[in-house]
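Hi everyone, thanks for coming along. Let me put the structure up on the screen, and then we can walk through it together.

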Amino acid sequence: MNKDLVSTIADLNEQEALKIVKDRLSAGEDPLKIMEDARKGLEIVGERFASSEYFIPDLVYSGEIMKLITELVKPQLTREEETRKSGKIVFGTVRGDIHDIGKNIVTFMLDVNGFEVIDLGVDVPEQKFVDKIKESGASIVGLSGFLTLAFDSMKQTIRAIEDAGLRDSVKVMIGGGQISEEIRKYTGADAYGKDAMAGVTLAKKWTGVN
Amino acid sequence: MSEFTINFEPLGLRGKCKNNESLLECARRSGVGINSICGGTGACHACRVQVLSGTVSRPSTVEYKVFTSKELKEGWRLACQTYPISDCKITVPADSMTTSQRLQVEGLEKKVSPELPFQVYHVKIAPPSLETPVADADRLIQALNNQHRLRCTSVDIDTLRDIPGQLRSWNWESQVVVRNKEVVTILYQKSRQLGLAIDLGTTKIAAYLIDMNSGQTLAARGIMNPQINYGEDIISRINKVIKSSEAAVVMQRLTLDAINELSADLCAAAGARPEEILETVVVGNTAMHHLFLRLPVKQLAFSPFVPAVSLALEVRARDLGLNIAPGAYVYLMPNIAGFVGADHVSMLLATDAWKAKETTIALDIGTNTEVSLIYGGKITTTSCASGPAFEGGHIKHGMRAAAGAIERLRIDGDKVQYQTINGGPPVGICGSGILDALAQLYQANIIDNSGRIIDSHPRVRVHKGQREFVLVSEEERNGKPAITITQHDVRELQLAKAAIRTGIQILLDISLCSEDDIKQVIIAGAFGSYINIDSAVAIGMMPSLPLNRFQQVGNAAGMGARLALISTRSRAKAQAIASRVKYVELASSPEFNKVFVQANYLGPYQITNK
Ligand code: B12
Ligand code: FES
């Protein structure tokens, strides 16, 4: 039965998934367990996206299903349970670049995987990253960019973090369109991720969560 | 400082490689065309070469990923990642060469009556004598006044240098070309009056040699834009300029050399000389326009993407280094915005789309697709980042429209029927073929509307963990690797198709227009004129309209340039169009992401799909 929710979400079967959630709630099941299954389902969605089997509309749709499920489950969750997050991540599309579709997918997957994402949006100036890292005490920074020009903005953002004396307290990952290992080296980031699931894997590794 | 000699095979070209210069940079300077889609950052893997002899730097991390250890042993490398440390011999495989491709120059033909930007007067002057030792140029200006009631106030300096010799050898008789009260050139009395119209594209340059008096095209030719070695898209090229100001100088030089060469070829074909070209018109996108004039480009690439100038310009050809008549001018059509340039103005002008009474969509599909909606007397325009997928970029077996490319395709049961450019054996698939493939796969239910390849067809297989559809199998290619459309290719195409459809949709939405209101769709540009409209409609890249509402007009920008060349009235219209257009920045549209997600589905665009 538990597996059912995982696979119905993975197969993007909205009606069925909502029905299972309602049934399980009325059977008095632990809401956290339901959320955990839903998360596992989305993880499969993420994997299928990474292997090209699913695409942007599928992801958006999975997000909608997740939203509906959360709405059903939320009233049953205590405040504390709801906010149990495994790490803070400051995320944004770097200066000069406004592409956010890829970034939104990564932040969504990070969010469903239990990370608290502080999304700064697009065309984010270096200083804003620095300020937010200070303010939130985040330990991970995610930089997204799709333009060739974004490589330099990434480099400058990482330098600004360094100049603010924060480089040792955060891990920086980068990603987006043409990012590669060479570009990671160029920008001085700690790692790059090819897709959203790679970002989740990195965040888990860095925070020691499995 | 050491310098090495690099031998590029099979071209047999030799180049000098400076210390710390990559093979790609050396190839560029030596005139060897190596693909570099990413502009040399190691991201595109398009610059594969094989080192046959000599010592080079050790492979970089990317190269370890891209090549097997066997390939590395055989000397396979990425040119942009490889730095010679001795003299070397390199093979550039056909795949990595910027191939000569089908270059479109033809398009719709339109006529206007000439209203030239200059006037030509036949003048005969008296030889000087001891009694009237008046200067040659002064007598010429007097003669213009006496014989044609024309008060000229100046003479171009280069023309001035020619006047004494020419007047004497022509026996004091000549044609005088006057532009804004300045004598710009004098011509032999029997000389023709020619003009040159240039469509300066990111990938291609099309040139037309025109008889200024009849408007007739005497010769036309297209070549690759040699700037392509500095990156295939404009952002990559702009990036090069941001990194080194020298790149701006080199890129301008490359374009000019190419245009000079083109005009020499065209003149040779028409039995004319470049000095008989009295005026040139250049249209291009804003980045090409700026790079051509060596205007700053950095601000073009960053939000809010403003051009250095949008107004039409007239620049002395000599100041740019263009070899045409001394004193002659280059007219540059106005731009609209950072990503919508003079080439779009030119196409709106040539197709008359700008004054269409019925609701019209006019678009030019390319790496950057510009779209205009003409509705209720208003023109709204946007630019969509469609990317290079339809030019074969980022597609596993994609290629430009060159010999051997599959350009048409049909899936018939278990069989795939196709047609290649020049009819030879297939080597890859170009834009129009890729579009057909996507439409055929979708219509045969081999991919569903979300773009997923369904495992239901004998030609679908899994290769390296990815589904793909085999267009031409290994057996059909006698053992060479199969030509396929992979799941990843389909995704790239969806992005490109969605970008274009979103551009159209956002324009419709802000004008409160619906798809059915569109009475005509004008598709310009090389790719647009070879595509099957059926296929474009089937996948939803184009609005679902009856096919008779679509017109494929070929190189309309080139036509607009020709009109502006001979007609000052057309130039005035161009300026009016550029000022009337309301530019819409997709990036700032709050609806963008929603529409874009929706437009990623295959099939007709719908507001809700699931
Ligand atoms: C959609 C799009 C747009 C939309 C953006 C809408 C939006 N809100 O995001 C609009 C139309 C507004 C736009 C505008 C522009 N664009 Co645009 N755009 C695209 C397009 C078609 C798709 C990009 C995309 O969203 N892909 C979908 C995502 C899901 O792809 P993905 O890479 O798989 O995403 C994953 C990874 O990247 C990773 N990831 C992403 N970020 C991060 C971060 C971290 C930390 C990690 C770990 C992982 C990670 O996870 C994602 C999910 O798995 C591409 C072309 C293409 N086919 O790629 C051009 C493209 C990126 N754009 C381009 C250009 C030039 C522009 C413009 C400058 C020009 C124009 N024509 O308008 C403008 C200006 C924008 C600016 N200053 O930033 C060029 C860039 C060329 C270059 N060399 O830099 C491209 C490549 C097209 C092209 N060749 O011309 N664009
Ligand atoms: S990898 Fe793109 S140019 Fe070398």
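Let's start with one residue, Thr381(B), which counts as buried because its relative accessible area is 0%; buried means under 20% relative accessible area, exposed over 50%, and partly exposed in between, with a 1.4 Å probe and protein chains only. Thr381(B) sits in strand β18 of chain B. When I say helix or strand, I mean DSSP runs numbered from the N terminus: H or I of at least four residues for helices, E of at least two for strands. Setting aside residues up to four places away in sequence, Thr381(B) touches Val340(B), His344(B), Val371(B), Ser372(B), Leu507(B), Val581(B), Lys582(B), Tyr583(B) and Val584(B). Contact here means heavy atoms within 4.5 Å.

A word on what you are looking at. This is a predicted model, where local features need pLDDT of at least 70 and side-chain atom pairs count only at pLDDT 80 or more, while totals for chains, interfaces and linings use all residues. Residues are numbered from 1 along each chain as its sequence is written, chains are lettered from A and ligands numbered from 1 in the order in which they are written, and side-chain values use heavy atoms, with hydrogens and water left out.

Now to the ligand. Where is ligand 1? Ligand 1 lies between chains A and B. Around ligand 1 there are 47 residues, and the closest are Ile98(A), His99(A), Asp100(A), Ser144(A) and Thr148(A); a residue is near a molecule if one of its heavy atoms lies within 4 Å of it. By class, this shell divides into 24 nonpolar, 17 polar and 6 charged residues. For those classes, Ala, Val, Leu, Ile, Met, Phe, Trp, Tyr, Cys and Pro count as nonpolar, Asp, Glu, Lys and Arg as charged, and the others, Gly among them, as polar.

Both chains contribute elements to the shell. Those that each supply at least two residues include α6 (101-112) and β3 (140-144) of chain A, and β18 (378-384) and α18 (592-599) of chain B. Which element gives the most to the shell around ligand 1? That is α6(A), with 4 residues.

There are polar contacts too, meaning pairs of N or O atoms within 3.5 Å; within protein, one must be able to donate a hydrogen and the other to accept it, and residues adjacent in sequence count only if both atoms are side-chain atoms. A nitrogen atom of ligand 1 is 2.9 Å from an N or O atom in the side chain of Asn593(B), and a nitrogen atom of ligand 1 is 3.3 Å from an N or O atom in the side chain of Ser383(B). On the chain A side, an oxygen atom of ligand 1 is 3.4 Å from a polar backbone atom of Gly176(A).

Another contributor to that shell is α6 (234-243) of chain B. In α6(B), 8 of the 10 residues are buried, so the helix is largely enclosed by the rest of the structure. What covers those buried residues includes α8 of chain A together with α1 (23-29) and α7 (245-270) of chain B.

Next, two helix pairs. Axes are lines fitted to C-alpha atoms, for helices over the stretch in contact, and angles run from 0 to 180 degrees between N-to-C directions. In chain A, the axes of α3 (residues 31-50) and α4 (residues 56-73) come within 10 Å and cross at roughly 180°. α3(A) and α4(A) are therefore roughly antiparallel; angles under 35 degrees count as roughly parallel, over 145 as roughly antiparallel, 65 to 115 as roughly perpendicular and the rest as oblique. Their contact has 12 nonpolar, 2 polar and 1 charged residues. In chain B, α16 (residues 556-566) and α17 (residues 568-580) pack at about 125°, with their axes 5 Å apart. That makes α16(B) oblique to α17(B).

Are they buried or exposed? Arg149(B) is exposed, at 76% relative accessible area, whereas Phe305(B) counts as buried at 14%.
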